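I opened a new notebook page for this structure and wrote down what I looked up, entry by entry.

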Amino acid sequence: MLVGARESFHHVISLGMVSDGCWALGMPTLSSKFVAHNGFTFLVNRKKEGRFRVRAPKTHMVENTFPVQQPLQRDTRSMKTRETSNELEGSQARKTPHSLENSMDNVRESSAWVASRSSHVVVDSAGIEKVVSTIDTIPKVEWDFEGIHYFDNGPLTVQYLLVLDALNFCFWPDKDLNYDHLASGLKAALQNDKSAFDADRLQKYTGPQLRELLKWPRPLPLEDERVRLLHEVGIELERNFEGKASNIVESCGKSAVNLVAIVARHFPGFRDHSVYKGHQVFLYKRAQIFAADLWGAFRGQGYGEFKDVGSLTIMADYIVPAVLRQLGVLKYSPTLATTIEASGEIGAGTEEEVELRACSIHAVEKMRELISVKSGRQVLSVELDLWLWASGVQSASLQHHRTLSIYY
Ligand SMILES: Nc1nc2c(c(CN[C@H]3C=C[C@H](O)[C@@H]3O)cn2[C@@H]2O[C@H](COP(=O)(O)O)[C@@H](O)[C@H]2O)c(=O)[nH]1
């Protein structure tokens, strides 16, 4: 049973009872407990007189939002209890390359771990063989093939992409809404008013104002969450990055791996983790897509130059698993297939949901390996991702899984 809470995955502020030999920091006490109040989850530890407000999206199980990494790093800073996610402030935070863990190794390893134990979703090696042998060359899809993104080759584009990817999740509950509305709506808003995404403005948007910005006539899906995440971006940009998303990128040393880790460290809303069979699984869809979008938009130059872009995995959303299934790369259990085909909802953090996402990541890593073995060509997962995603959104018959989630 897991009852841990972490404000930052580098800084454990409190941790509860953990099984399977997971290391616990500060003794888990029987007096620690989660209390739901007002849509937030509080970890209350009477013995330490700590009362930590934990931001938990209303739509997520606590375990899904505050997983525990195994093994936890002992870090003296983690002994401090803080309400906020960051230890370092201002330029100190930016200049510090930190001992950032390899966020992408975590994604690959934990996805493989899930795939080796999954029961609802299976990665089919024969299906991978077939796809790799039938597709001569993976079609190269142009980033912004839709022509919907803002681009001015400068820092404002970085600001735009961070805001875009902070909101890049869960469009399906409104059958008329999709990603294109978000990308083009934010683009038009920025063209109209260059200060629309200034850090102080981001902290103040309300739901109706966000709708108005996007010219969307009714409440957005998970609108409160979207507003909360916008505020979080504005607050943290102002506090640690002089209000500029471009400073985040400048602090990552041209490493996409570092960028993902920095974004996840500073912005809790990007911390896309889950717990599966007692094991922490890292997916980082929106943090990774921020890096991939920079790389695509700036064509690997300037703010988009990452020496390790090959470390990124695919972005585990709700389109790519469905495409992989159509291709015969993923197989679903009859129960899962029936739920998806009946448009039934799948809970965030359930085994089914984690398997869908982690098996997709693992399957594409396997495809990539096989392409390399068969043809000697090194294909990037971000390229495979864009190809799969673009073909998915153009397929009218695609049935995807439905999970209310802020992560994708
Ligand atoms: N794996 C992956 N997932 C992606 C994207 C993108 C857009 N990437 C842009 C970057 C350059 C291109 O030109 C694209 O425009 C959105 N999504 C996800 O899709 C879902 C929305 O679907 P629908 O409801 O049908 O609009 C939702 O989960 C959203 O988060 C991607 O690239 N890869």
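This is a predicted model: local features need pLDDT of at least 70, side-chain atom pairs count only at pLDDT 80 or more; totals for chains, interfaces and linings use all residues.

Entry one, the ligand. I looked up what surrounds the ligand and found 22 residues, the closest being Glu146, Asn168, Tyr179, Lys285 and Asp385. By class, I noted 13 nonpolar, 3 polar and 6 charged residues in this shell. Helix H12 (285-297) and helix H16 (381-393) each supply at least two residues of it, and H16 gives the largest share, 4 residues.

I found a polar side-chain atom of aspartate 385 at 2.7 Å from a nitrogen atom of the ligand, and a polar side-chain atom of aspartate 317 at 2.9 Å from a ligand nitrogen. For tyrosine 318, an N or O atom of the side chain is 2.8 Å from an oxygen atom of the ligand. I then looked up the cover, and the protein takes up 95% of the 670 Å² of accessible area that the ligand has on its own.

In H8 (residues 207-214) I listed Gly207, Leu210, Arg211, Leu213 and Leu214 as buried. Seen down the axis of H8, these residues fall within an arc of 160 degrees, so they line one face of the helix. Pro208 and Glu212, on the other side of H8, are exposed, whereas the buried residues pack against helix H6 (179-192) and helix H9 (223-240). Lysine 215 follows H8 and has a positive phi, near 55 degrees.

Serine 255 caps its N-terminal end, with a side-chain oxygen 3.3 Å from the backbone nitrogen of valine 257.

Terms used
Residues are numbered from 1 along each chain as its sequence is written. Side-chain values use heavy atoms; hydrogens and water are left out. Buried means under 20% relative accessible area, exposed over 50%, partly exposed in between (1.4 Å probe, protein chains only). The arc is that of the directions from the helix axis to the C-beta atoms. Contact means heavy atoms within 4.5 Å. A polar contact is a pair of N or O atoms within 3.5 Å; within protein, one must be able to donate a hydrogen and the other to accept it, and residues adjacent in sequence count only if both atoms are side-chain atoms. A residue is near a molecule or strand if one of its heavy atoms lies within 4 Å of it. Accessible areas come from the Shrake-Rupley method with a 1.4 Å probe; for residues, only the protein chains shown count as cover. Ala, Val, Leu, Ile, Met, Phe, Trp, Tyr, Cys and Pro count as nonpolar, Asp, Glu, Lys and Arg as charged, and the others, Gly among them, as polar.
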